[in-house]
Amino acid sequence: MVDRSHRRSDRPATIGHDAEALAEKFLSRHGLLPVTRNYRCRRGEIDLVMRDADTLVFVEVRRRSSRTFGGGVESVSATKRARLVAAAEHYLMMHRIGDDRPCRFDVVAIDGPPLHTTIDWVHDAFDT
């Protein structure tokens, strides 16, 4: 028999979806406009694509319930950065967005337990 007693909100996919929704709402309150969520291709995935004036912003959302093993920002490895860049290049190619369009990569780290959550927004989080 399979134990199905866990709550829906405890599932990793749901936690990730909730974190992305929270990050999108946070960024929208700071003037960014949502373009798409969960852009996937063979090369990687981008959690959020947003627009900040004329700049296209590729956002990695990281959720950590505890900082015991480091916060969300520190958890973005070089491998993850490479996948984000590759997915962004694919996005730009598929949407026929030229090299003249300014782009950047941001990280939104949502750290802490639900009632004590902090949001850390890192603009231009890594060099491409």
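Two strands count as paired if DSSP finds at least two bridges between them. With that in hand, let's walk through this predicted model, starting with its strands.

| Strand paired with β3 | Bridges | Direction |
|---|---|---|
| β2 (residues 44-52) | five bridges | antiparallel |
| β4 (residues 103-111) | nine bridges | parallel |

Strand β3 is also mostly covered, with eight of its ten residues buried. Look at F58 in this strand: V49 stands opposite F58, and F58 in turn stands opposite F105 in β4. The hairpin of β2 and β3 has two residues between the strands, and A53 there takes a positive phi near 60°.

Now for the aromatic rings. F58 and F105 turn up again here, as they form one aromatic cluster with Y39 and Y91. The structure has four aromatic pairs in total. One of them joins Y39 and Y91, edge-to-face, at 4.9 Å centre to centre and with 85° between the planes. Y39 sits in strand β1 (residues 33-41) and Y91 in helix α2 (residues 78-94), so this pair ties together parts that are 52 residues apart in sequence. Are Y39 and Y91 buried or exposed? Both are buried.

Last, the cysteines. How many disulfides does a search of the whole structure find? The count is zero. C41 is buried, at a relative accessible area of 18%, while C103 is partly exposed, at 34%.

Definitions and conventions:
Residues are numbered from 1 along each chain as its sequence is written. This is a predicted model: local features need pLDDT of at least 70, side-chain atom pairs count only at pLDDT 80 or more; totals for chains, interfaces and linings use all residues. Side-chain values use heavy atoms; hydrogens and water are left out. Rings of Phe, Tyr and Trp (its six-membered ring) pair if their centres lie within 6.5 Å; planes under 30 degrees apart count as stacked, over 60 as edge-to-face and the rest as tilted. Helices (H or I, at least four residues) and strands (E, at least two) are DSSP runs, numbered from the N terminus. Buried means under 20% relative accessible area, exposed over 50%, partly exposed in between (1.4 Å probe, protein chains only). A disulfide is a pair of cysteine sulfur atoms within 2.5 Å.
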